[in-house]
Amino acid sequence: MITLRHRGPRSTWVFVIVSVPRGDFHAAADDVKSERMTDSEGGPDLTKDGPEDPIEPAAAGDRPLVVVENVNKHFGELHVLKDINLTVDPGEVVVVIGPSGGGKSTLCRAINRLEPIDNGKILLDGKELPKEGKELAKLRADVGMVFQSFNLFAHKTILDNVTLGPIKVRKQGRQESEKHAMELLDRVGIANQAHKYPAQLSGGQQQRAAIARSLAMRPKVMLFDEPTSALDPEMVNEVLDVMTGLAREGMTMIVVTHEMGFARRAARKVVFMADGQIVEENTPDEFFTNARTERAKDFLSKILTH
């Protein structure tokens, strides 16, 4: 049994790998503000020693929660994932960065079988991912996914979007599901939007609703596939604030992003991908200040320049 607890003075949010009990998701992280450092603000400030209040990584369990072993994936003749190996410990935040077309999103989607792999192995909590059927549906209930586009049901209210999964998949009662959904919507700052439809919300609000929808399933791990890329610049911080709060609470996260400030502040491990390969893997401080490979150094120099 692996339990991750927030250190704040209030009730804890508990993640247990074999079973996930209900917890109070109102953690004392509402005042956390992420420090966005992107090229829209003159380029990421990679000369900083690090944030004043760094996020402490959660203690790892007896085994990794996610294991990717020698995974390959082709789209026709295009080899998009080349012998990928990666481990993610419980409570770890792994940020995957790199140039466009490097295989980052494909890897993220492969971890919950949205993209089938050609060969290799992917394990979640010690079990290899099933290829299809009920076991695959069960897996996807344990792996939250937040996409570039929000993928909310336009004909349903925000509250209905968040409760749909727990009711249909987890077989929870409506009253219990709605109570938990309102707690999550309050946590991401849009409880007052619960009875509106997606089209009535801003992009940032819709993405926060999508995060609440994934959290409503009480997943073991959260996957974020460039969650801020479709947002206007002024809406990005409100989504990054929520993600930073999740990192502080011990949520296991794999985040594909171009937000270098978030990578420095929230990640425990930075994975740099290019040309379908993991080129470099290191801590944020080491990667941004002392990259080992020429490919990573070239990538960082272009970000600083532009």
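This is a predicted model: local features need pLDDT of at least 70, side-chain atom pairs count only at pLDDT 80 or more; totals for chains, interfaces and linings use all residues.
Residues are numbered from 1 along each chain as its sequence is written. Local features need pLDDT of at least 70, side-chain atom pairs count only at pLDDT 80 or more, totals for chains, interfaces and linings use all residues, and side-chain values use heavy atoms, with hydrogens and water left out.

Helices (H or I, at least four residues) and strands (E, at least two) are DSSP runs, numbered from the N terminus. Helix α3 (residues 158-168) packs against helix α4 (residues 174-187) at an angle of about 125°, and their axes are 9 Å apart. Axes are lines fitted to C-alpha atoms, for helices over the stretch in contact, and angles run from 0 to 180 degrees between N-to-C directions. The two helices α3 and α4 are therefore oblique to each other; angles under 35 degrees count as roughly parallel, over 145 as roughly antiparallel, 65 to 115 as roughly perpendicular and the rest as oblique. On the α3 side, I158, L159, D160, V162, T163, P166 and I167 take part in the contact, and on the α4 side R174, S177, E178, A181, M182 and L185 (contact: heavy atoms within 4.5 Å). The residues of this contact comprise eight nonpolar, two polar and three charged. Here Ala, Val, Leu, Ile, Met, Phe, Trp, Tyr, Cys and Pro count as nonpolar, Asp, Glu, Lys and Arg as charged, and the others, Gly among them, as polar.

Three aromatic pairs are present in the structure. Rings of Phe, Tyr and Trp (its six-membered ring) pair if their centres lie within 6.5 Å; planes under 30 degrees apart count as stacked, over 60 as edge-to-face and the rest as tilted. The ring centres of F272 and F287 are 5.9 Å apart with planes at 35°, so this pair is tilted. Because F272 belongs to strand β11 (residues 269-274) and F287 to helix α8 (residues 284-289), the pair ties together parts that are 15 residues apart in sequence. For F287 and F288, the centres are 5.2 Å apart and the planes at 80°, so the pair is edge-to-face. One aromatic cluster is formed by F272, F287, F288 and F299. F272 counts as buried at 0% relative accessibility, F287 at 0% and F288 at 6% (buried: under 20% relative accessible area; exposed: over 50%; partly exposed: in between; 1.4 Å probe, protein chains only).

In helix α2 (residues 134-142), the buried residues are L136, L139, A141 and D142. Their cover includes β6 (119-124), β8 (143-146) and β9 (221-225).
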